[in-house]
Structure formats: C-alpha cells, structure tokens
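Please go through the model below with an eye to surface, fold, charge pairs and rings. A short report follows.

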Amino acid sequence: MDNSSNFDEISEPSYQPSPSSLDQNDQSTVETPVYSTMSGDSFMLGRTYSETSAFSDPIDDNSYSSEPSPSHWPVTKSGAQNQAMFGRLEMKQQKQVVDDKLDDQESVDLELETMKERFSKLLLGEDMSGSGKGVCTAVTISNAITNLYATVFGQNLRLEPLKPEKKSMWKREMDCLLSVCDYIVEFIPKSQNLRDGTALEVMESRPRSDIYINLPALTKLDAMLIEVLDSFQDREFWYAEQGSMSSNSTRSGSFRRVVIQRKEEKWWVPVPCVPQDGLSEKSRKHLQHKRDCAYQIHKAAMAINSSILTEMEIPHSYMASLPKSGRASLGDTIYRYLCTADGFSPDHLLDCLNLASEHEALELADRVEASMYTWRRKACLSHSKSSWDMVKDLMSDIDRTDKNHVLAERAETLLFCLKQRYPELSQTSLDTCKIQYNRDVGQATLESYSRVLEGLAFNIVAWIEDVLFVDNSVRTQDQ
C-alpha cells in the first residue's frame, strides 16, 4: 500500500493518530489503527492535519511534520474573518433595505390617513357629529382651499422660495381638490359622419364652459407665482424680525424706523434689510420685473374672481335685507352727487370723501352695493306689467333715462372705482353672502382658487415694494 492511501486512511474523521503510531525512521505507517486517549498535543496535531488538507496542496510523506505549519494559520483565520465580515455587511444591507421600506410604508400610510380625513370631512360637510347639519359640498371645498392656503402660505411672509415639503403639499392637495372639476361637464353638439356618408349630430361632453376657460388660466397663474418666489433663492437683501435691534441682523437701523412708520399696523411682518450701499442695479431691476409680473397676475386673478362672483346667484336673504331707499343707505351727500345731471366723476367723489382707512372703504362699498341693488329692484318693479312689455321697456331708450336705472349704473361705476383704488379691499357683504349660500361646486372651486391666488399675488407685490422702499430710503440717506 502506498503512502497516499495510508494517509487517506489516517485522515478519516473518526481516526486520530497518536505519536507512537508513526515511525520517523521508516517511511511507512502502521496499518492497524491504535485508539488511545489523546493528549492536548495529539488533538492539535489532528486538527492541523484536517485543516491543512483543505487549504494546502497534496503533500508527500517527506513534507509531513509532527508540528503544525504556521503558514496555514493566517490563511484559515483570514478566510473565516472575511466570511464573518461579509455576513455582517449583508445583514446590515438587508436591514437598511427593510428600514427604507418601512419608512416608505409609513409615509404612504400617513398620506393615506390624511386623504381619508379630508374625504370624510368633505362627505360630512365639516359636521363631525354626522347628523347631517353640515355645510354643503361647495362650501366645504371652498373652506378646504382657503385653509390649505393658510397652512402653506400663512407663515411665509418673506420673499423666499417655499420649503420643498410645503410646495409638495400645496401641489398634491390642490390637485386633489381641483380633481372634482374634471367631472363637471356639459354636453355640446358635434357633427359625426358615418361610413355611408350620413352626417349625424351627436352630443359630446366637455368641461363646463366657466371651468374650461378659467381653470387652466388659474393653474398657470399658480405656477407663475411659485416661480416668482423661487427666483429669490439668491438675494442681496435679508430680513430681521420685528423688535430685533442687533447690529448683526440689521446692520443699519435708520431705515427700520421708516418701514415701521409706514406699516405700524402690521407689526408682525418681518422688516427687510439691505446693504448700507443699497442694492445693486441688477438686483433692483430683478425686483422691479418680478413686481410687475406679480401685479399682472394679481389683476388677472382679481378679474377671474370678480367674474365668478358676478355669475353667482344673489341669495334671497340678501335681497330681503336691502333697505327700502338707496338714499338712506348712501347718505344725502353721496346721493346728491350721484343725482348730478352732468359731469359725474367717481374719482372726484372718492377724493372728496377722503377715506382714511380700508375699514371705511369697505363700509362705503357695502353701502354703495346695497343701494345699487335697491335701485335695480325698483327699476324692475316699475316695469312689471307683462313679460313682453317689460322686455320692450327695458330695451327702449326711454328706460335708459329712468332715474332708478341711472342711479344704479352710477353706483356700479363708483363701486368699481373704489375696488380699483383699494385692491386689497376685503370681500363685501354681498360677496360673503354669495359664497356662504352658493351651491355650485364648480363656482365655489374657481372662486376660492382665484381668491387665494389674488391674495398671494398682492402679498408678493407688497413685499417687493417694501424692499424697494427700504433700498430707496438707504440711498436717499447716503446722499
């Protein structure tokens, strides 16, 4: 039997050689296995044999030694460490993947719960008792858009981009609230030709005309306003909170008094600050350009909002609360000026009234609007003979000279000029009443969307003007 076969027999797992079973002078091994109690040295020797046979090349009997080979220990230990290290890395990677999946799932669950809450409030009409005493769907959507605007932009009182989470929230939830308009449709006739050439007229559905025209315009205005805010990522001015007089936050305290004197009633608005030398020409032109853009957006949003409010039905409760006389609503001074035969000028009348605050302007707007509808109602009642006679009278030139009709037209002109002079004017009593009693979901969505965009555009214009005002003050002081 050769040496290799003898070595294989010795290397069996159940066989452990003892030092006495090997003859160092003879090259052969004893074939009869000897079982004895092994010492610590023989145990180490046997383990060394098995490990070296797995990691080293086949050896002959001349290379065999009773001492373990040190060259094989580092290889064996390093391989075990590498396997353990790879195992730990794999476990960490798997744990990281699991954690990421859990975070994503929690985020999805949170958004889903939010959507469930909004949907539930919409169905309940904001009546958590479930007794059916909540407001209608139109008012619920209008309130939801208004509250979302307050949540996203309520704390944003500076010319700076929206935070990513706020911007994502605004886009996501507005898309959800506006999606109801996708299902408000009207049917229009459409010509369709058959295969045999026969022309048929069929009815085709499309978004209702007011939604079809105004909603794409409003979404465009929305994107433009977000773009205006994003353009102030890198700016030369900064803001100091009201009441902070530290030199690090203001660098110059002289212009602070100018802004405070200009807007004492808005103490919560942060004070804009500019360098001591003022803004650069490039920054000033950029501010002026964005102010003009925001002003045009404000005008467009205000026009859409006014048109939607005009289309809304006047509630019966408002008509019932109108005064019997338009003169009693306006007062003798304004009434006599409206009755002037020639040379009526609403701008001159507003200059003579010398309104001191927005509150006085809103009070005048309510009185003018109430008197306007009072005279219109009287003009209609005076021609209530028959339907055909009323149409003929209303279309005739004689009706244009009717006193009630003339006064109603002049009151409408005065109200329009008043709103133009005070663009930040709050809603009148009639507008509030229309929104409260409106039942048209499409009109409610368009009105609230245009109203919040109008307010955001006006705020941006005011913030830019504040910065330009401070810059002009600093430059004037330097001169």
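## Surface and burial

The chain of this predicted model exposes about 29900 Å². Carbon and sulfur atoms supply 54% of that area. Of the 479 residues in the chain, 33% are buried.

## Fold

The chain has 19 helices and four strands. Take the contacts between residues at least 6 apart in sequence: 72% of them join residues at least 24 apart.

Helix α6 spans residues 209–230, 22 residues in total. From first C-alpha to last, α6 reaches 33 Å, close to the 32 Å expected at 1.5 Å a residue. Its buried residues include L215, L218, L221, L225 and L229. Two aspartates of α6, D210 and D222, are buried too. An α-helix has 3.6 residues a turn, so residues three or four places apart point the same way.

## Salt bridges

The count comes to 17 salt bridges. One of them joins the side chains of E160 and R235, at 3.8 Å from N to O. E160 lies in the loop between α4 and α5, and R235 in the loop between α6 and β3, so this pair ties together parts 75 residues apart in sequence. E160 is partly exposed, at 26% relative accessible area. R235 is also partly exposed, at 30%.

E186 pairs with R206, with the closest N and O atoms 3.5 Å apart. This bridge links strand β1, which holds E186, to strand β2, which holds R206; the two residues are 20 apart. Both ends are partly exposed: E186 has a relative accessible area of 22%, and R206 has 29%.

R284 and D471 meet at 3.1 Å, N to O. R284 sits in helix α9 and D471 in helix α19, 187 residues apart. Are these two buried or exposed? Both R284 and D471 are buried.

## Aromatic rings

The structure holds seven aromatic pairs. In one of them, the ring centres of F237 and Y239 are 6.0 Å apart and the planes stand at 85°, so the pair is edge-to-face. F237 and Y239 are both buried. Y337 and F344 form a tilted pair, with 5.9 Å between centres and 55° between planes. Y149, F153 and W170 make up one aromatic cluster.

Arginines also sit over rings. R206, the salt-bridge partner of E186, lies over the face of Y212, 4.9 Å from the ring centre. R376 lies over the face of Y373, at 5.4 Å from the ring centre.

Conventions:
Residues are numbered from 1 along each chain as its sequence is written. This is a predicted model: local features need pLDDT of at least 70, side-chain atom pairs count only at pLDDT 80 or more; totals for chains, interfaces and linings use all residues. Side-chain values use heavy atoms; hydrogens and water are left out. Rings of Phe, Tyr and Trp (its six-membered ring) pair if their centres lie within 6.5 Å; planes under 30 degrees apart count as stacked, over 60 as edge-to-face and the rest as tilted. Buried means under 20% relative accessible area, exposed over 50%, partly exposed in between (1.4 Å probe, protein chains only). A charge sits over a ring if NZ of Lys or CZ of Arg is within 6 Å of the ring centre and within 35 degrees of the ring normal. Contact means heavy atoms within 4.5 Å. Accessible areas come from the Shrake-Rupley method with a 1.4 Å probe; for residues, only the protein chains shown count as cover. The expected span of a helix is 1.5 Å times one less than its number of residues. A salt bridge is a side-chain nitrogen of Lys or Arg within 4 Å of a carboxyl oxygen of Asp or Glu.
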